[in-house]
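Good morning. Today I will go through one structure, starting with a pair of rings and then stepping back to the whole chain. Please look at the screen.

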Amino acid sequence: RWWEYTEEELRQLVTDFKQKDYPLSVLVIDMDWHTVKTGDPRNEGWTGYSWNRDLFPDPKAFLKWAHEQGLYVTLNLHPASGCWAHEESYSAFAEYMGLDPQKKTPIEFDCTDEKFMRGYFDFLHRPHEDIGIDFWWIDWQHGSHSAVAHADPLFILNHYHALDRARDQSQRPFVFSRWPGLGGHRYPIGFSGDTYVSWDSLQFQPYHTATSAN
């Protein structure tokens, strides 16, 4: 559920699951893991790649603890706004893209640009994977149009995130994501999006996941 969980609240939640003997294998952390108050009125804060240190003062230690509990950890992404100057990785990414970091020009998201996509993974994702993030939750909500006709950004993101995770052939090529259309089942572990709070809805979720995704 979308909630501004603190690190301590998540630790307690995992402990509660263990005490009640409820099975738990993956910790899914929604968008407030990253900074949402950017200080720029043009940026609503949905896209982010820098940890919110008020909620997670020591991300590396927290992820180490989660792994010690036998959990995989995934983070929510809304990548459509690109990379803005408040991000910790902005300067290095901007220089890579040929921009002057001092001008603080936002790096626009373009999934059809090979150079951008290489930087997208190298600068925005790899640092988090290096400290323990296991895979990513692509929560794309920004339509099906891109710079290339008929190229759906969600389909492209699912494809490249899957390939990137399997880049050294040590992990399965998958991503936790929405369904992008016909053929999209080959990449993600799908999720239903927002649901109703009911037992009938909960009962339907395993069927939905098993039949609509890989």
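Start with phenylalanine 109 and tryptophan 140, which are both buried, meaning under 20% relative accessible area with a 1.4 Å probe and protein chains only as cover, while exposed is over 50% and partly exposed in between. This is a predicted model, where local features need pLDDT of at least 70 and side-chain atom pairs pLDDT 80 or more, while totals for chains, interfaces and linings use all residues. Residues are numbered from 1 along each chain as its sequence is written, and side-chain values use heavy atoms, without hydrogens and water.

Phenylalanine 109 has a relative accessible area of 16%. What is the relative accessible area of phenylalanine 116? For phenylalanine 116 the value is 1%, so this residue is buried.

Now the rings. The whole structure has 18 aromatic pairs; rings of Phe, Tyr and Trp (its six-membered ring) pair if their centres lie within 6.5 Å, and planes under 30 degrees apart are stacked, over 60 edge-to-face, the rest tilted. Phenylalanine 109 and phenylalanine 116 have ring centres 5.6 Å apart and planes at 85 degrees, so they are edge-to-face. With tryptophan 140, phenylalanine 109 makes a tilted pair, at 5.4 Å between centres and 40 degrees between planes. Ring pairs also join these residues into a cluster with Phe93, Tyr96, Tyr120, Phe121 and Phe123.

Last, the chain. Of its 214 residues, 43% are buried. Its C-alpha atoms fill a box of roughly 55 × 40 × 35 Å along the principal axes.
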